[in-house]
Amino acid sequence: MIEIVIAAARAEDIAEVVRVEREAVEAPHWAEGEYVGMVGAGAVRCLLVARRDGEIVGFAVGHLVGDEAELESVVVRALERRGGVGRALCRAVIAWAWESGGEVMDLEVRASSGAIALYRGLGFDVVGQRRGYYAAPDEDAVLMRLVRGVVDLE
């Protein structure tokens with residue numbers, strides 16, 4: 001099996017990132033310019049891509065304000081799911097946040113999402129709920145939080 005390589009996105013990756021995002025109906029859909037602005041944003045925002053054999057198979061977005069980080073999006077191509085790509089992307093965004101001075105990381109996820117188990121396995125705890133947060137279909141969001149030092153990423 002070919003190893004997954006996680007790296008910061010480059011400008012030339014944006015079109016493929018957008019294609020991967022559009023394939024995943026459950027993913028947040030952002031304008032292409034939003035992704036362009038993430039490339040090289042440094043310690044404020046990161047866009048990381050997962051490549052297998054040179055092809056982008058997933059990506060993740062992190063955001064940092066002060067010492068509070070957010071895992072904004074994790075998208076993995078359907079055929080690559082449940083193979084460790086999402087976990088690797090999450091771990092890389094967490095590492096970026098901690099290296100950039102983050103002390104906590106928050107996320108919200110659809111209440112019906114199987115990713116909740118992934119996030120729990122990474123050390124996130126459920127800290128709340130937002131009723132009716134998602135549309136099409138209408139669904140609650142589960143709020144989760146990871147505190148630095150809770151889980152060793154090694």
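Predicted model: local features only at pLDDT ≥ 70, side-chain atom pairs only at ≥ 80, totals over all residues.

Trainee: What makes E5 and E7 paired strands?

Mentor: Two strands pair if there are at least two bridges between them. Strand E5 (residues 104–110) and strand E7 (residues 139–147) have seven bridges, in the antiparallel sense, and therefore count as a pair. Within E7, Leu 146 stands opposite Met 105.

Trainee: Which order do the strands of the open sheet follow?

Mentor: The seven strands are arranged as E1-E2-E3-E4-E5-E7-E6, with mixed pairing. Strand E1 (4–8) and strand E6 (125–134) each have a single partner strand, so they stand at the edges and one side of each lacks a neighbour in the sheet. On average, neighbouring strands are turned by 25 degrees against each other, direction ignored.

Trainee: Which strands does helix H1 lie across?

Mentor: Helix H1 (residues 14–23) lies across E2 (45–52), E3 (55–65) and E4 (68–76), and runs at about 95 degrees to E3.

Trainee: What is the volume of the largest pocket, and which residues are closest to its centre?

Mentor: The volume is about 1,100 Å³. Of the 36 lining residues, Val 74, Val 109, Ser 113, Ala 115 and Tyr 119 are the closest to the centre. A lining residue has an atom within 4 Å of a pocket point.

Trainee: Which element gives the most to that lining?

Mentor: E4 does, with seven residues. By class, the lining of the largest pocket has 19 nonpolar, eight polar and nine charged residues.

Definitions and conventions
Residues numbered from 1 in each chain as written. Heavy atoms only, no water. Helix = DSSP H or I, 4+ residues; strand = E, 2+ residues; numbered from the N terminus. Axes fitted to C-alpha atoms, helices over the stretch in contact; angles between N-to-C directions. Contact = heavy atoms within 4.5 Å. 1 Å grid on protein atoms, 1.4 Å probe; cavity = no way out; pocket = protein on both sides within 12 Å on 5 of 7 lines; lining within 4 Å. Points joined across faces, edges and corners; volume = space filled by probe spheres on them. Nonpolar A, V, L, I, M, F, W, Y, C, P; charged D, E, K, R; others polar.
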